[in-house]
Amino acid sequence: MQVVREPKAFREACEAARATGARVGLVPTMGALHEGHLSLVDRAAEEGATFRAVTIFVNPLQFAAHEDLGRYPRTLEADLEACRARGVDLVFAPDDGAMYPPGFQTTVTLGELTKPLEGVHRPTHFSGVTTVVTKLFALAGKCVAIFGRKDYQQWRLLERLALDLDLPVDVVGHRIVREADGLALSSRNRYLSSEERQRALAIARGLRAANEAWQAGMRDAAALVEIVRGPVEESFDSVDYVAIAEPTTLEALEGSVTEAVLLVAAHVGRTRLIDNLELGVDPAP
Ligand code: AMP
């Protein structure tokens with residue numbers, strides 16, 4: 001496994017792989033890797049990638065001043081070991097200065113898709129994400145890029161980004177990987193005390209109940225939201241949103257729905273968790 005720290009070296013390694021006929025698979029992450037991230041590496045192979053690159057970069061642009069940039073877990077040695085064990089070919093782990101050298105002043109901002117949900121509560125977050133991912137796409141070149149549906153809105157807007165800017169990147173969304181008890185894997189789960197982790201299960205419980213109601217024929221948007229909101233409000237310290245949206249545009253839905261995704265963001269202690277369920281598509285949490 002090759003490990004590079006400089007953007008130029010990352011570009012050259014991807015180009016060299018393509019020159020041998022390989023299909024490049026790209027898995028962008030912020031590190032503190034867990035099975036959710038590593039399942040994206042497996043998915044890249046299933047999508048035909050024969051040269052798999054993982055990027056590890058805690059992107060300061062996507063954190064607001066009051067957020068957890070300073071305490072975000074950084075576990076590079078363990079991450080490299082996990083990548084090696086999973087058959088990753090290349091890791092790109094730049095430092096802040098390599099990605100944002102002095103004078104850097106370009107941001108990439110998407111439109112409507114960034115406004116609801118996360119956009120309301122983290123208004124500067126997505127432009128940080130789309131700026132860094134545009135750079136990673138530009139460096140990687142023609143590839144298939146795998147993102148988790150755990151960050152559902154992010155996945156949808158990165159799909160849009162590749163389309164709108166004619167980037168040679170096939171964006172694929174991979175299903176959410178969960179613990180046996182339903183908790184969606186997240187690097188931020190390591191912030192949770194055991195008592196908080198117990199409370200955090202309310203999201204999976206709510207989504208599971210909504211899924212059962214959906215299976216039983218319930219189609220009313222507000223009623224489905226309430227099924228999730230009940231347990232989440234009871235167990236979490238504060239709730240940013242429990243919402244139901246059209247899966248592609250993420251527009252809020254009302255009345256009777258045919259296709260929908262339920263999305264949740266809530267705080268337990270100092271930790272903010274997000275999760276979602278595509279009704280009729282995802283397995284029960
Ligand atoms: P992060 O390191 O949190 O920025 O995540 C990097 C990528 O891994 C993103 O595409 C996430 O959506 C994805 N990811 C994180 N957690 C999970 C999970 N539990 N299941 C599937 N994908 C995930």
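Modeller: **Where α1 meets α6**

Helix α1 (residues 7-19) and helix α6 (residues 125-140) have axes that come within 8 Å and cross at roughly 45°. Axes here are lines fitted to C-alpha atoms over the stretch in contact, with angles from 0 to 180 degrees between N-to-C directions; helices (H or I, at least four residues) and strands (E, at least two) are DSSP runs, numbered from the N terminus. That angle makes α1 oblique to α6, since under 35 degrees counts as roughly parallel, over 145 as roughly antiparallel, 65 to 115 as roughly perpendicular and the rest as oblique.

This is a predicted model, in which local features need pLDDT of at least 70 and side-chain atom pairs pLDDT 80 or more, while totals for chains, interfaces and linings use all residues. Residues are numbered from 1 along each chain as its sequence is written, and side-chain values use heavy atoms, without hydrogens and water.

From α1, Pro7, Phe10, Arg11, Cys14 and Arg18 meet Leu136, Ala138, Leu139 and Ala140 of α6 (contact means heavy atoms within 4.5 Å). By class, this contact has seven nonpolar, no polar and two charged residues; Ala, Val, Leu, Ile, Met, Phe, Trp, Tyr, Cys and Pro count as nonpolar, Asp, Glu, Lys and Arg as charged, and the others, Gly among them, as polar.

Rings of Phe, Tyr and Trp (its six-membered ring) pair if their centres lie within 6.5 Å; planes under 30 degrees apart count as stacked, over 60 as edge-to-face and the rest as tilted. The rings of Phe10 and Phe92 have centres 4.5 Å apart and planes at 5°, so this pair is stacked. It links distant parts of the chain, as Phe10 lies in helix α1 and Phe92 in strand β4 (residues 90-92), 82 residues apart.
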